[in-house]
Amino acid sequence: MIQMSFINPLSDEGKQTVREDGGDLSRIFDENTALIDIINSIKSQEISDDKYIPKNYVDLVIKRVEWYVNKKSDPEYNIKQYAFLFNPKITKFDVIAFYILCQAVGIKFGPNSRESRAIVEIEGQIIENRLEELSSSQRTEITRQIMNNLLIQDRIKWTSLADLISSKKINLQDLVLKEGYVILDLEDFMEYFGNEIEHRQPEKMYNLFIGNRIKELIIIKMIMQNTENYIKRVHEKAGREIEPNSTLLKIADEVSEVLSKEMRYYGGGSGGGNIKASPLNVDMLPPCIKTALKGIKSGGRNEVIVLFLTPFLSYARLYPSVFSKNTSLKVSDIDSDLKITKNEILPMIHDAADRCNPPLFDDQPQEKVNINAKLGFGMHDKLNPQHEGKTTWYTPMSCEKVKMNMPGLCKPDDLCKGIGNPLSYYTRKMRKK
Amino acid sequence: MEMFKPATLKERKIYYKEEWNIKQVPDFIEESIENREFGFDHFGRGPNDRYKVFTEPDYLKRFMKSKTPFAAYCSVAYYEKPRKRDGWMKSELVFDVDAKDIPVRTCSCSNVCEICLDQAKEIVSRLIDTIKGDLSLKDIHLVYSGRGYHIRVLDKDVMKMDSDVRSQVLKYLVGADVPKDRYDDGEVIYRLEHFSIPFGYPEVFTERIKYAVLHLTEDSKLDDVNKKLLKDVLKYRKLLEDDEWGSFKKEIGPIRYKKVVSSIASLNMGLVDAKVTIDLKRILRLPSSLHSKVSMRCTEVKNIETFDPFEDAVPKFVRERKE
C-alpha cells in the first residue's frame, strides 16, 4: 500500500515520521546504509556511477532539486538516474528530506524568494510524477484518501485555482461550481444536485463529472500551497531565534547553487533549444500568420500588424524557443547589430502593413513607432540600440488571445489542434522538417 | 425629447457646470482615485489625453468643470504610479455588454434603441446571476455606459487574476464553448447532452442557448445555419419554453441541432466585448460622465430591476431640447 506521506509529506503520517526520526540534524550528513540499500534495490535505478546514489539525507535533499533543474534544462537528462525519487520505498527518507529542504530554504531565504518558489514548484512536480508512476487503482485510492484528508481542513474556492486555470491545466468549465466552491466531495455533490438529477443515478454522475484528473490537480495544488505555508511558518519562527541553525544555512546555500545552474543552461537565443534562430521559412508559418501577411482588409489592422505580427515574426526569426527556454532576452542579445531585424523582420512587417486596405501607415503612420516599441526599442521612429529596453519585446500572442482579439484571423488547420500559440506551430513544424 | 443625438459643445458645458456633481462618481472609484489613470477625449476623436492622475476628488471636479470633456474615462487598473501606468497592483474584472453589438438582436435599429437596451439589461442580469451564483463573487458594480452596461467586479479574489483566467471566466459566463458530450468513468463512455446535466457549466450553457434561441428572428444570421434550418428552429422553439430539449432536438434533427448549438456558442462570445475583459489596463467610461455621442449619462445602477436608462440616464439638457 502506498503511504499517504509519499504524496503528501505534510500529512499527519508525514509529521509522525519526522517525530519518530527525532530530527537530529547532526546525523543528516552521515552515510545512511538503509537508504543506499533501498536505492540499489530499485530495478529501474541507474547505479553505474556512485554519484547517482544519494548517501545521506542531505544528498537526498540536493537530488530533489537537481532532478528538477536537470529535467528542465539539461539536454543529457536521464530519468533513470533519479528513479528512486518516484519509488514508494524511499517514503520515510524522502519525508525527512522534504522537511530539511523546506526548513533550510525557509530559514535562509524566506517565503518570497526564488528558492522557495522553486521548492514549492519541485514538490508539485514530484507529486505529479509519483502519481503517474502508480497503477491506476493505487492512484485512484491514494488520491481519494488525500482528498478526503485535505477537505476535512478546507473547502476549495475556484479562485484559489487561478494559476491552474491560467496555465490551462484545469479548464474552469470542467469544474463543478456551487457558490464559489469547487464540488469535489460526493456528499456535497448529492446535497446540492442529488434532487436535480433525473433519469440517472446521481452517484454515477458524480463519478463522471468529478474526475480523478481534476482531483489530482487539486490535491497537488493544495499540497503546494501547504508547502508554501510551511516555509512561511519556518521563516517566521526562525526570525524569533537568535541564531539560525548553521547546518540548515549551509544546505540552503547548496540548494541555491544547484538552482542557479538552471540559469546557466539558458543563454543566447540562438542555441540551447531544438530550434535555433534561422531565416524564416514561410512554408512553416501557421494559417493565421499567412493570412496576416496578406494584409487585413477590414477593421483591426493595427492590432494585427503591431500586436500580432510584429512579436511573432521577430521571435520566430530570432528566438523561436522563447517558451521552452522561459528566459527573457533582448533583440540585440541575438541580433547584436540589428541587421536581421532591420533587413528581414521589419520589411516583412511593413510589407504586410502596406497590403492592408487602406495601407496601415497611410492613415496611421505612428504605428511604425509602435512596431519599434513592441520590439523593445521604446517609442522611437528608428531602431537604436541605446533605446533598447525602454519597452518590452512583446512575446507572441496565444491562440486564445488571437481568437478573442482578432476572431477572423483564426482558421485552424489540422496541426493547430493542441497548439496554444502560433509560435509553437512554427517551431513544431520546423522540428518535423 | 430628442434622444441619442450627439451633445453639442454648449450642451456639454451646461451638463458639467450645472448638472454634474463629483458626488455622482461612485465610491468604488473615489476610494481609489489616486491609484487610477484617467483619460479624456476632448474632441470626439478617442481618448488621447491619457495618463492623468487626480490625487483628490476635488482636482477631478475642477478638471471636469473647466474642460467639460467630450468623454471621460478611468482605468480598471490600480497602479502605484498611475501617471506612468507603472507598478500594476490589480484590476477590476469587467464585462462590457454593448447594446449595439448584441449578436442576436430582436430589433433592427442601426445604433441603439429601447429594445436592444432592454435586451442588454436582460443579458447583464443573467450574467450577474451566474457571477453571484456559480462564481460567488462579491463587490459587483453595474454601470450604465450610455449604450450598454459595464459589470465591474472588485472582489479581492479576482482582481489579481491574469488575462488567461479572465478569458476563461468570460467564456464560462457567456457559454462560449459547447460542453463535451462524452464522459468516461474508466470503463464505459457515456453520451450526455448539455441539457441533461443540471449543474456546472453545462447548465449555464443550456440557459444561454435557450436565451439565444428564444430571441432569434427570421433575419438572424448564424454561421452554418441556412434559412430552412433557421425557420425550423423558430418553428419548434416553443418547446424550449417548457425545457423540452429532447423534443426540440428530435424535431430539428440531431446533426442540425449540433450545428445550431455550435453556431450560437460562437456567437455568444459577442455578448460581451472580450477585449475589455482580458485587458488589465483598460480605461472605461467614468460613471457620472456624459456619453456625448448619444447624450446619455454614464451612471452607476443601484437596482437593475428598477433602472430605466430613459428615466435615470437622460441629462436635463436633453429633456429641455426643443423638438
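The structure is a predicted model. In chain B, an open sheet of four strands is present, and the domain assignment gives two domains, domain 1 and domain 2. Chain B is in contact with chain A through 25 of its residues. Within chain A, helices H4 and H5 pack at an angle of about 75 degrees.

**The sheet of chain B**

- The four strands follow the order S2-S1-S3-S11, and their pairing is antiparallel.
- Strand S2 (49–52) and strand S11 (283–285) of chain B each have a single partner strand, so each stands at an edge with one side left without a neighbour in the sheet.
- On average, neighbouring strands of this sheet are turned by 25 degrees against each other, direction ignored.
- Strand S3 (residues 71–75) of chain B runs antiparallel to S11(B), and three bridges join the two.
- Opposite B:Leu284 in S11(B) stands B:Cys74.

**The domains of chain B**

- Domain 1 of chain B covers 1–162 + 280–318, while domain 2 covers 174–271.
- A distance of 33 Å separates the C-alpha centres of domain 1 of chain B and domain 2 of chain B.
- The contact between these domains involves eleven residues of domain 1 of chain B and eleven residues of domain 2 of chain B.
- On the side of domain 1 of chain B that touches domain 2 of chain B, helix H4 (residues 114–132) of chain B provides the largest share, with three residues.
- That side of domain 1 of chain B consists of five nonpolar, three polar and three charged residues.

**The contact between chains A and B**

- Here 25 residues of chain B meet 23 residues of chain A.
- Helix H5 (163–174), helix H6 (200–215) and helix H11 (274–278) of chain B each contribute at least two residues to the side of chain B that touches chain A.
- H5(B) gives the most to this side, namely six residues.
- By residue class, the side of chain B that touches chain A holds 14 nonpolar, four polar and seven charged residues.

**A helix pair in chain A**

- The axes of helix H4 (residues 57–73) of chain A and helix H5 (residues 91–109) of chain A are 9 Å apart, at an angle of about 75 degrees.
- Because angles of 65 to 115 degrees count as roughly perpendicular, H4(A) is described as roughly perpendicular to H5(A).
- From H4(A), A:Tyr57, A:Leu60, A:Val61 and A:Arg64 take part in the contact, and they meet A:Phe93, A:Asp94, A:Ile96, A:Ala97, A:Ile100 and A:Leu101 in H5(A).
- The residues of this contact of H4(A) with H5(A) comprise eight nonpolar, no polar and two charged.

Note on methods:
Residues are numbered from 1 along each chain as its sequence is written. Chains are lettered from A and ligands numbered from 1 in the order in which they are written. This is a predicted model: local features need pLDDT of at least 70, side-chain atom pairs count only at pLDDT 80 or more; totals for chains, interfaces and linings use all residues. Two strands pair if DSSP finds at least two bridges between them. Axes are lines fitted to C-alpha atoms, for helices over the stretch in contact, and angles run from 0 to 180 degrees between N-to-C directions. Domain bounds come from an automatic or database domain assignment. Two residues are in contact if their C-beta atoms, placed from the backbone, lie within 7 Å. Ala, Val, Leu, Ile, Met, Phe, Trp, Tyr, Cys and Pro count as nonpolar, Asp, Glu, Lys and Arg as charged, and the others, Gly among them, as polar. Angles under 35 degrees count as roughly parallel, over 145 as roughly antiparallel, 65 to 115 as roughly perpendicular and the rest as oblique.
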